[in-house]
Amino acid sequence: MEKKKVQLNNKLVWPSEPYKPDTGMMPEFVGRESEMELIMAAWIAGKRTLPLSPVLVGEPGVGKNRIVYELARFTGRDIYLFQGHEDITAEDLACTVRFSDDKANMMEYVLSPLVCAMLNGGIFFLDEIGKIRPRALALLVSVLDERRYIDSTLLGERVYAQPGFRFIAATNTGEVSLLPEFIRSRVRPVIKIGYPPRVEIEEIISRQFKPRMDNLATLIEKFWALWDERIKDKIPPTPRDAIAVFSLASSISDFESRGGSEKLKSAIKADAFTLEAGDKPQAVSSKHLEKALRKLYD
Ligand SMILES: Nc1ncnc2c1ncn2[C@@H]1O[C@H](COP(=O)(O)OP(=O)(O)OP(=O)(O)O)[C@@H](O)[C@H]1O
Ligand SMILES: [Mg+2]
């Protein structure tokens, strides 16, 4: 689809695009009912009540992004993502300028994902909010209270949020305490996203890998034995950990079954090794699983 400039009062500006999650590439979603329920309750708002702006707190890979993608699907809204880091400025949150491809213009404005979510009544997801410096976060203050607007110096405009606009942020566990009080008191509730219980990890793995591995029950048992033995401090696996181990085990088996190691020695262009995974079930063994876990976590 061709991207088009949009009119914002007297200016033609480029919008940021919403993210359309490709759920076909993701494992089927499992669990997280109570967390989703709390976010939905926080977001219900009307003429006399403002929506709350929750912040998800949890270790890397537990599923914070995934929860937000599922909520966007569930509520049928567009989702606009913004990745926080130390160099974000206040203006980055509203609008940026860039050199124009169009010879008639020197520069052009690009609206941030936040401003686009506000204008289109979408969901704005501010990831890694804990990494953004307080000076930049100050611009969010008016967005997150009853004013529901953002002032952009570059645009010279005040942009008001449409009623459908909803805000959610995420941060890793240690960083939530770094948020300045003026933001901390506006992003609520703080929702802890913990490690999923074993049954849910098993469910995620089963739904994702069952069509490819017929001995999955044995492999899952082996996975727990290896995980408990290898991972010190008994930290449970995140969905990302478990998916990575089973994916790598499957790929190692695929590579071997296609004569990968032999081919590596004699690689010639005419017989190039394809990197596309096959659809057929893989003969993944405990050895493959062990190798994958060792390569990923040793
Ligand atoms: N409940 C779930 N059901 C199915 N898959 C899940 C679930 N939670 C997470 N995943 C999968 O696990 C992977 C990691 O999840 P995600 O990227 O959402 O984690 P995160 O908490 O945002 O991590 P980070 O802090 O590094 O950004 C993704 O592939 C995601 O699809
Ligand atoms: Mg994330």
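1. Basis of the note. Because the model is predicted, local features are given only at pLDDT of at least 70 and side-chain atom pairs only at pLDDT 80 or more, while totals for chains, interfaces and linings use all residues. Residues are numbered from 1 along each chain as its sequence is written, chains are lettered from A and ligands numbered from 1 in the order in which they are written, and side-chain values use heavy atoms, with hydrogens and water left out.

2. Overall make-up. The protein holds 10 helices and 11 strands, where helices (H or I, at least four residues) and strands (E, at least two) are DSSP runs numbered from the N terminus. Its C-alpha trace spans about 65 × 50 × 30 Å along the principal axes. Of its 298 residues, 45% count as buried, a word that stands for under 20% relative accessible area, with exposed meaning over 50% and partly exposed in between (1.4 Å probe, protein chains only). Among contacts (heavy atoms within 4.5 Å) between residues at least 6 apart in sequence, 74% join residues at least 24 apart.

3. The pair α8 and α10. Two packed helices are described by the angle between their axes and the distance between the axes. The axes of helix α8 (residues 239-257) and α10 come within 8 Å and cross at roughly 120°, the axes being lines fitted to C-alpha atoms, for helices over the stretch in contact, with angles from 0 to 180 degrees between N-to-C directions. That angle makes α8 oblique to α10, since angles under 35 degrees count as roughly parallel, over 145 as roughly antiparallel, 65 to 115 as roughly perpendicular and the rest as oblique.

4. Residues between the two helices. On the α8 side the contact includes V245, A249, I252 and E256, and on the α10 side it includes H288, L289, A292 and L296. The residues of this contact divide into 11 nonpolar, 2 polar and 4 charged, where Ala, Val, Leu, Ile, Met, Phe, Trp, Tyr, Cys and Pro count as nonpolar, Asp, Glu, Lys and Arg as charged, and the others, Gly among them, as polar.

5. H288. This residue is found in helix α10 (residues 286-297) and counts as buried because its relative accessibility is 10%. Leaving out residues up to four places away in sequence, H288 touches A249, I252, S253, E256 and A283. The side chain of H288 makes a polar contact with the side chain of E256 at 2.9 Å and reaches the backbone nitrogen of S285 at 3.0 Å; a polar contact is a pair of N or O atoms within 3.5 Å, of which, within protein, one must be able to donate a hydrogen and the other to accept it, and residues adjacent in sequence count only if both atoms are side-chain atoms.

6. S250. Also in helix α8, S250 is buried because its relative accessible area is 4%. Apart from neighbours within four places in sequence, S250 is in contact with R212, M213, Q282 and V284.

7. Backbone points to check by eye. The peptide bond from R188 to P189 is cis, with omega near -5°, and P189 is found in the loop between α5 (181-184) and β11 (190-192). E128, in the loop between β7 (123-127) and α4 (134-137), has a phi near 55°, a positive value in a residue other than glycine. R148, in the loop between α4 and β8 (149-152), has a positive phi of about 50° although it is not a glycine.
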